[in-house]
Each structure stands twice: as structure tokens, then as C-alpha cells.
Amino acid sequence: MSSAELHVQGLPVSRIAAEFGTPLFLYDADVLRSVYQSLRDRLHPAVDVFLSLKANPNVSIAGFLGSLGAGAEISSLVELMTVQRAGIAPENVIFLGPGKTRAELEACVEAGLHAIVCESLDEVSALEEIAAAAGRDEVPVLLRVNPDFSTKGSGLAMGGKPRQFGIDADLLRRSRPLLDSLRRVRVQGFHAYMGTRFLNADDLVHNTRQILALAEELSKTLGIELRTVDFGGGFGVAYFDNEKDLDLAAAVSGINEVVEPFAAAHPGCRLINELGRYLTALCGTYVTRALYVKESMGERFVVADGGTNHHMAAVGVGSFVKRNFPIRSLTSYDTEPSGSYTVTGPLCTPNDVIGKKVALPEIQAGDLLGIERSGAYGPSASPGLFLSHGFPAEVLVHRGTAHLVRERDRKEELLDKQRLIDFT
């Protein structure tokens, strides 16, 4: 075993791979803690940090961040069950999403969450009816606003244009008669989310300033006392060449300057900053094993045992463009690159390319490769059932011990939900 291989909290990656198999997602709790604590220590005390579970819905990831003080932003019944099992108190949970079913709304009312984020006026009316049927006198709600201003610098903008998300600001300004008629739903503030993958601190400060100003304006227009304002998140992580990580100190300093007078003017108002990618990306590595090393028309390929079925983000989905994530040899972690390889997975599609012409040391069959910064939008954003490979194991290293936090899909389980009808 090479002394140059990657170690996670003192554990050699080869030992982890031998115990749990490959491919797998490997998370380092020390990194997770460091990222969260660095943000928490700098951020204004009036602002709470919420994990957006869509980035990584693993119950142990949520539970660990919850133990550090993070709340949770969720968007499905399973995510609701996840935070309940993770031990995150309902008063530190919000539920959002543009297409909530009646069953989801009823479950949110029953759970007693901090707030349900309503994305249409019809949803507000539906909640009023549900609250009456459930005998609930006060159901806390945030109104998600689709702002009438736009942003810049984001990999995925989500405001200032026609969207399925939220209620147009102009429509909200004219909605006071409906809101005044509510008897059981308590509108306690607003939610706005401008986009994701912001790497420029000035963009985040600009968005925060605009959202808080809009919340103040709407509260006066609609006669709503501000008890909660969720000003989104969108803190970015650098994945690709020529990208630089967000200057956290500059971003938080600027946000705090905007928050300070707002918090002073609204001392009872809870502010929420919801983050997914920023909190979880750095702690994760997607670990694959090289099955074959081959050459085709002058180009060298590594065919690995895992690919885009587990890590679609690495090849381009949603806010990503087709550029390489950081990829390293985990077997020869400290060895300088000596050439380039195109790294692919095992799938029968030419799109299963994890990295194109990646600079790596010499790779041999059996070596372990790692796609770094993969703690966000791995399994949660990937077609794990493509070609029926199933989803990989997930392992969290905590206090020097590797814990299996998600079992690998088993072949029998993948077929158990299917039914073969009688064709005779």
C-alpha cells in the first residue's frame, strides 16, 4: 500500500474502499464542521444558517449539521421525515416548493414547522382551509416573492423573470384584501432566492440588500409584521479551471453590514440564510476504481466502475457547463501528473464521461480515483437507476471512524418493486 495515498482522518482510502466497496461517496465530518463553523463564527448573530437538503439529503449529514446548530430547508415528505429522524427541531425547519400536494401541506401543518413557504396565493388559501379542518389557530407562513429586480453573476438565476417559483412582487402588492381575510394562516414574513453558485461577494451583498429592502416595503404595503425573512443563499463553490472560491470574509462582512441596520429596525425578526452546496460540497469525494486503462486513436482512457449515473453534476446538469470537476488519483495522491486521461464510467452511452483529458499520474487498473468537491448534488441529482446499476454506498468519517450512512442498492431490491405479469 502506497504511503502517498489519500488518508481521511488518518484512515487510508484503500482500507475504506476495501470495507465498503466502490463506487462510493466519501464524506469527511471534519471538513463539514470546519465549513459550517467558519461561516457561523463570521455571520451576524441575527442570521440563522439552514441546510438545504436538496444538495445532500443524507440523514447523517443533516443530523451532524443539526448537532452544530443548523436548521433545515426541505421540499418533500421524505425530506421532512429525514430532518425528523436527524433530530432537527420543527421550529428550525421550513418547507418550500412550487407544487406542494395537499398531503404535504397537511403534514407540514401537523409537524408544526417554523414556516411553510407559500409560492402562490392559491396555496395560501388552501392552507387556510387545511388549518381550519385541522383545528389549528395559527399556521406560520412565509410568502415566497419572485422579485421584480434581477441579479447577475449566478450560475442559475431564479428571480426577476417569469418563474414557476414564488409570487410576483407586483401581484403581492395587490394582495392585501386576501391576506387581511386570513383567520388561521399567519403570514410572518417573506422568502426570496435569487440564484445559486455565486462566487463574487459583491453579488451576494447586492442580493441581500435588495431582498431585505423588498421585505420592508412589502411589510408596510401589506401590513405584515416581519418575524422571519429568508434571503436565500447561493454561496458558490469553485469547481472548474479559472474559477476562484468565494471570498467568505468579504461576503459575510458585506452581508453583515446590510443585516445590522435591518436587525436593529426589526429586533424580533428571524433572518435565514439557506445553503446547500456551500455547506456540503467540500466534504465529499466520489471514489471510483479504475477497471481498465486503454488507448483509442491516441487518447488514453480510464474506464471506472462508477460514472454519471451517480454524479451527473460532474458532466453537466442544471447550473453546470461541461467542464471538469477536480479529479485526483487517490492511490497516488501526492504524485505529480505525468499525462492526461479521459475518465469515463461503465455505462453504455458516450455521455458517460466524468472528466475530459484530466492531468493525472500514471493510472493502472485497480487504482482509486476521486472526484473532489462532490458532497453536493451527487446522488440527489443523478440518474441512479440508469442501466439498473443502482445508487452507491455513502460513508461518513467521523472522529476517525468510517460509518456506512447509506447502503449500496442491492440487485434484489432494485427488482423487488417491479411486477412481472402473466403473459400466458
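Author: Let us begin with a term that we shall need for the open spaces: helices are DSSP runs of H or I with at least four residues, and they are numbered from the N terminus. Please keep in mind that this is a predicted model.

Reader: How many residues line the second largest pocket, and which of them lie nearest its centre?

Author: The lining has 20 residues, and those nearest the centre are Pro 57, Asn 58, Val 59, Thr 82 and Arg 406. Sorted by class, the lining of this pocket holds eight nonpolar, eight polar and four charged residues.

Reader: How many cavities of 30 Å³ or more does the structure hold?

Author: There are two cavities of that volume, and the largest cavity has a volume of about 70 Å³. It is lined by 13 residues, with Leu 204, Asn 207, Phe 231, Gly 232 and Gly 233 closest to its centre. Both α9 (201-222) and β13 (228-233) supply at least two residues of this lining, and α9 gives the most, with four. By class, the lining of the largest cavity has seven nonpolar and six polar residues, and no charged ones.

Reader: Which residues line the second largest cavity?

Author: The second largest cavity, with a volume of about 30 Å³, is lined by Val 145, Phe 190, His 191, Ala 192, Ile 211, Leu 214 and Ala 215. Here β11 (185-191) and α9 each supply at least two lining residues, and α9 gives the most, with three. The lining of the second largest cavity divides into six nonpolar residues, one polar residue and no charged residue.

Reader: Turning to the surface, which residues make the nonpolar patch, and is Phe 423 buried or exposed?

Author: Leu 420, Ile 421 and Phe 423 make a nonpolar surface patch of about 430 Å². Phe 423, found in the segment after α12 (411-416), counts as exposed because its relative accessibility is 68%, and exposed means over 50%.

How values were computed. Residues are numbered from 1 along each chain as its sequence is written. This is a predicted model: local features need pLDDT of at least 70, side-chain atom pairs count only at pLDDT 80 or more; totals for chains, interfaces and linings use all residues. Side-chain values use heavy atoms; hydrogens and water are left out. On a 1 Å grid over the protein atoms alone, a cavity is a set of points where a 1.4 Å probe fits but cannot get out, and a pocket is an open set with protein on both sides within 12 Å along at least five of seven lines; lining residues have an atom within 4 Å of a point. Ala, Val, Leu, Ile, Met, Phe, Trp, Tyr, Cys and Pro count as nonpolar, Asp, Glu, Lys and Arg as charged, and the others, Gly among them, as polar. Patches are made of residues with over 30% relative accessible area and no salt bridge: like charges are joined within 9 Å, nonpolar side chains (Val, Leu, Ile, Met, Phe, Trp, Tyr) within 5 Å. Accessible areas come from the Shrake-Rupley method with a 1.4 Å probe; for residues, only the protein chains shown count as cover. A salt bridge is a side-chain nitrogen of Lys or Arg within 4 Å of a carboxyl oxygen of Asp or Glu. Buried means under 20% relative accessible area, exposed over 50%, partly exposed in between (1.4 Å probe, protein chains only). Grid points are joined across faces, edges and corners, and a volume is the space filled by probe spheres set on the points.
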